[in-house]
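I opened this notebook to keep track of what I looked up. The entries follow the order in which I went through the chains.

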Protein chains: 2
Amino acid sequence: MSPILQSETLTRSVEDYLKAIYQLSPEGRPASTSEIAHLLALSAPSVTGMVKRLSEHGLLEHIPYRGVQLTEEGRRAALRMVRRHRLIEAYLVEFLGYSWDTVHAEAERLEHAVSDTMIERMAAALGNPAVDPHGDPIPEADGSIHELAGRALTEIPIGETVEIHRVHESQPERLRYIASLGLRPGVRVTVVDRQPFDDLVTIEVGGMRHVIGRELGRVLQCAPAE
Amino acid sequence: MSPILQSETLTRSVEDYLKAIYQLSPEGRPASTSEIAHLLALSAPSVTGMVKRLSEHGLLEHIPYRGVQLTEEGRRAALRMVRRHRLIEAYLVEFLGYSWDTVHAEAERLEHAVSDTMIERMAAALGNPAVDPHGDPIPEADGSIHELAGRALTEIPIGETVEIHRVHESQPERLRYIASLGLRPGVRVTVVDRQPFDDLVTIEVGGMRHVIGRELGRVLQCAPAE
DNA sequence: CAACACCCTTAGGCCAGCCTAAATCACGGA
DNA sequence: TCCGTGATTTAGGCTGGCCTAAGGGTGTTG
């Protein structure tokens, strides 16, 4: 029944859908039509239609009105795209002078065009890195991914000093703002105050104090400073 | 009338058509529907249809039953693609360990996906080379191209020693064969014999003798050895 | 338990790009 | 000059992927 799609016959669109669904729920919780539509900047009916096609091809399961979940095959395809995307970002930053706020758009296009061979050569040139410039873990070629446990900045108690491990954000303007505060993977941050509501956190980084809101705070993943 | 297509809204297909037409006739001689169809591996009616759209957008002129010629705008777009293609080939060979018989397919996909910024960074990383790994000249960013005059190997008289400047071929099998004879840009070749028909040429290269037929002979562009 | 709001899907349409089959043109040879 | 051959275009159709408008579920709330 399911035609042989295994041999890299996924279209650009299909790759984008799979990656989006994975990103909405790496753990496999069902993703809703509207979430997908919002992330891909498409209308909801378009998503319903594509989702139907993808489920016929065995890449995901769709329970009408309930959401979609990737199948094992769909998850593999999605992780392949994530690997590509993050390796491309790392390569562009390392070898072609890109900054972390500009790589995303370029990688978004390249991830569909590059061969597996080229991806592996880029990985080798980089020394097979474990994370990309934002600190996001790069899935292995075999489809495994090692998510490093981390707490959002919003969860760190007053007085604690942590290291930023990951800045999970792709919008250039936000990234530029984050960078302007001196925040990037590897940097140490101390939480000096917290507001009772809205998860406002005051941090000290590089001798400066800044207040971070809920949205930004969730994007900044931290680990205990060594 | 002609909608504003200037701002990089050309589709993959359109880019391929323009490049194909340019390659069929860099000098601007009209290219026929069937030549284009053959080069792009499409049916003739498909080409007629696309050609009609492209001429409406001012990228080429189509005289029905007579052929098509790129307009200045079309030529610029085509040269942009050629520049991209050749720079990508050069980059892949220089930095990612590709051989000249494998770069073509990869470049064919990448040329549509890469930004102008990235192309210029690749060019800079390469030191703004004038030619690609096959010896084909790389058009400048401003759209100028410096074709180096050369004679096909089939035209070299007996006894003359020349240097191969250019191997104008993209098929991997043919390139591998050519390489297996020790032929590549920069190599010196002496014509030791010629057959009266079929442009057969016997050459000596690296102490070995080989007979080259018409097709291959035309692909090998030579210049007087210094 | 009914009603409403919200989300999701169905219906119907459009465009780019491709195809095959059927007309039509152009040109060389009788 | 006429005709046939081969190239080209027209006609008509398909698929992927998107859209808007309209209909149908679901679940929360009075």
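**Entry 1: the sheet of chain B**

I began with one bridge: B:Ile164 has B:Cys222 in S8(B) as its bridge partner. I note here that the model is predicted, that local features need pLDDT of at least 70, that side-chain atom pairs count only at pLDDT 80 or more, and that totals for chains, interfaces and linings use all residues. Residues are numbered from 1 along each chain as its sequence is written, while chains are lettered from A and ligands numbered from 1 in the order in which they are written.

I then looked up the strands behind that bridge: S4 (residues 161-167) and S8 (residues 220-224) of chain B are paired in the antiparallel sense over five bridges. For the terms, strands (E, at least two residues) and helices (H or I, at least four residues) are DSSP runs numbered from the N terminus, and two strands pair if DSSP finds at least two bridges between them. In chain B an open sheet is formed by six strands, with antiparallel pairing and the order S3-S8-S4-S5-S6-S7. S3 (151-152) and S7 (208-212) of chain B stand at the edges with a single partner strand each, so one side of each has no neighbour in the sheet.

**Entry 2: the sheet of chain A**

In chain A I found an open sheet of six antiparallel strands, ordered S3-S8-S4-S5-S6-S7. S3(A) pairs with strand S8 (residues 220-224) of chain A in the antiparallel sense, over two bridges. A:Arg151 is opposite A:Cys222 in S8(A).

Next came the hairpins. S5 (residues 188-194) and S6 (residues 201-205) of chain A run antiparallel and are joined by four bridges, and A:Asp193 stands opposite A:Thr202 in S6(A). Six residues lie between S5(A) and S6(A) in their hairpin, and A:Asp198 in the turn has a positive phi of about 60 degrees. S6(A) and S7(A) pair over five bridges in the antiparallel sense, with A:Val205 opposite A:Met208 in S7(A). Their hairpin has two residues between the strands, and A:Gly206 takes a positive phi near 55 degrees there.

**Entry 3: helix H4 of chain A**

I checked the span of H4 (residues 72-95) of chain A: its 24 residues reach 34 Å from first C-alpha to last, close to the 34 Å expected at 1.5 Å a residue. The expected span is 1.5 Å times one less than the number of residues. In H4(A), 17 of the 24 residues are buried, so the helix is largely enclosed by the rest of the structure. A residue is buried if 20 or more other C-beta atoms, placed from the backbone, lie within 10 Å of its own, exposed if 12 or fewer, and partly exposed in between. Just after H4(A), A:Gly97 has a positive phi of about 70 degrees.

**Entry 4: one residue, B:Val47**

Is B:Val47 buried or exposed? I found B:Val47 buried, with 24 other C-beta atoms within 10 Å. B:Val47 belongs to helix H3 (residues 44-56) of chain B. Apart from neighbours within four places in sequence, B:Val47 is in contact with B:Thr33, B:Ile36, B:Ala37 and B:Leu42; contact requires C-beta atoms, placed from the backbone, within 7 Å. I also noted that 8.0 Å separates the C-alpha atoms of B:Val47 and B:Ser34, which are 13 residues apart along the chain.

**Entry 5: the two copies**

Chain A is superposed on chain B by a rotation of 180 degrees with 0.0 Å of shift along its axis (RMSD 0.0 Å). The two copies are thus related as by a two-fold rotation axis. The superposition is by least squares on the C-alpha atoms of residues with pLDDT of at least 70 in both.

I then counted the contact: 13 residues of chain A touch 13 residues of chain B. H6(A) gives the most to the side of chain A that touches chain B, with four residues.

Conventions:
Two residues are in contact if their C-beta atoms, placed from the backbone, lie within 7 Å.
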